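Let's take a look at how two chains sit against each other, and then at how one of them is built.

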Amino acid sequence: MIERIIIAGSGGQGVMLLGKVLAQGAMLEGKQVTWFPAYGPEVRGGTSHCMVTISDTEIGSPYIAKADVLIILNNPSLEKFKSRLKNKGLLIFDSSLGLIKPSKLMEIIQFPFTEIALKLGNIKVANMVALGSYLSARQVIKPAHILEVFQFLAPAGNLKILEINRAALEEGERL
Amino acid sequence: MGKIKILISGNEAIAQGAIQAGCNFYAGYPITPQNELIAYMAKNLTQAKGVFIQAESELAAISMVYGASAAGARAMTSSSSPGISLKQEGISYLAGAKLPAVIVNIMRGGPGLGNIAPAQSDYFQATRGGGHGDYQTLVLAPGSVQEAYDLTQTSFDLADKYRLPVMILGDGILGQMMEPVTLSARKIKVLPLKSWALTGCRGRKPNIVKSFFLREGDLEKFNLELQKNYALIRRQEERYEALYLKDAKIILVAYGSMARIAKSALMQLRGLGKKIGLIRPISLWPFPQKPFQLKNKKIKFLVVEMSYGQMLDDVRLAVCGRQKVEFLGRSGGGVLNEEEIIKKVRELVSS
């Protein structure tokens, strides 16, 4: 098993964190994993992305030319990365700003992650709703391992943050 | 500390490895793509009761390392390509004063200010001394975040053992990438005794640390002493990984991040029944000679680098004309992928 995932969105949407949480979850799952960020000069309103490779065996390049999965949180990122998805690959898209048309070239899962996060009470957890959606679509990593990562990453004693992230993840899985 | 596995970037792993190896002095100046290293040191070295200094320049940082090392500290600095060029004067002085130090170069595109993309184009600079004078630095090239953590610890030991600067040569991929690392329980509390260090001479003869030998014959004598040390290192410190050399018809040669990509190309080709091998030099100086001593004249070597052919020279020297040595490289931000390597291998098979 090898899964190459590109996660992209606008700076501030938490795409780096989404990738890190996913990568740590993969580590807890006992997989080999690499996380590789875009570390160039980025501009406000532009795109930010990271690449996560999860595998049962040793991983060569952490750089992803063709992805099995795209998790895309804004339109500029979709433009930038849609050509990088493999034929019949999976696109997970935040449709808060509009739906995309179905395509024979890819499997599309689209939900308004940002709107869902707003309803939950914190726009910042849109990324975790998207992650939840990925977890249920692919089942590479058990949600329990992601919850463990939340516990590890959340500031000590801040149960509120832990709770809303958990709610976001579960909401994403249900979609 | 028991066996703990954490997800960490190459830059942070090097810093963590250094702290556990007893590094108690770090000076550096920020530059992409190694900033996480200096940031990790700023936060964690001070907590480990070490001294952290963000210097006013690269030149100042390497000179501070010189001073700290002369006083007996386990001293370290890090930078990326253009910054490492600035440090060359200091590295030559460290070598000339027989001072141990660890210098990390997380390479980016060059020449000049270049760009911030990963590259391996400082191989010549790292393995040929870099600064002026007849000197070498021991150069280690980790291929994973785990190895970056492990080799950083080793490099402090080697620097002290042979009294010379040791360079960790990585690139933007290795520095930025996060991977799981199993932390060791190692924690050096008492540094090795350095009888030559400037520790205050009450009750003993004063020590002198310098790289200046004006009296006739003195410098030649000193240089011969250095050469003897380098010969010893050549004999004892070759490090490499070799895969499938027994039946290989084409042997890929790559180091660092490039070796990972070469290895995945190799596994794909092996899966198709192609007889491909791999040599991954881990010590770039001394360059491993042993794995290249192969009798079969029909073998071809394919050197793969993120440069236009630098390690290539060392492979040619090691092969010494016995077999054909071919080359594939991209640089200036271009990173070869598995497919490009496989395509080149197929060309070689059919030629």
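## The A–B interface and the fold of chain A

In this predicted model, 17 residues of chain A are in contact with 20 residues of chain B. Putting the two chains together buries about 1500 Å², and carbon and sulfur atoms give 67% of that area.

What about charges? The count between chain A and chain B is one salt bridge. That pair is B:Lys263 with A:Glu58, whose closest N and O atoms are 2.8 Å apart.

On the chain A side, α1 (15-28) and β2 (32-37) each supply at least two of the residues that touch chain B. The biggest giver there is β2(A), with five residues.

Now for chain A itself. It has six helices and six strands, and along the sequence they run β-α-β-β-β-α-β-β-α-α-α-α. The radius of gyration of chain A is 15 Å, close to the 16 Å that the globule rule gives for 175 residues, so chain A is as compact as a globular protein of that length. Its C-alpha trace spans about 45 × 40 × 35 Å along the principal axes.

Inside chain A, 53% of the 175 residues are buried. Of the contacts in chain A between residues at least 6 apart in sequence, 56% join residues at least 24 apart.

Terms used: Residues numbered from 1 in each chain as written. Chains lettered and ligands numbered in written order. Predicted model: local features only at pLDDT ≥ 70, side-chain atom pairs only at ≥ 80, totals over all residues. Heavy atoms only, no water. Contact = heavy atoms within 4.5 Å. Buried area = accessible area lost by both parts, 1.4 Å probe. Salt bridge = Lys/Arg side-chain N within 4 Å of Asp/Glu carboxyl O. Helix = DSSP H or I, 4+ residues; strand = E, 2+ residues; numbered from the N terminus. Rg over C-alpha atoms; globule rule 2.2 N^0.38 Å. Buried < 20%, exposed > 50% of the residue type's maximum accessible area, 1.4 Å probe, protein only.
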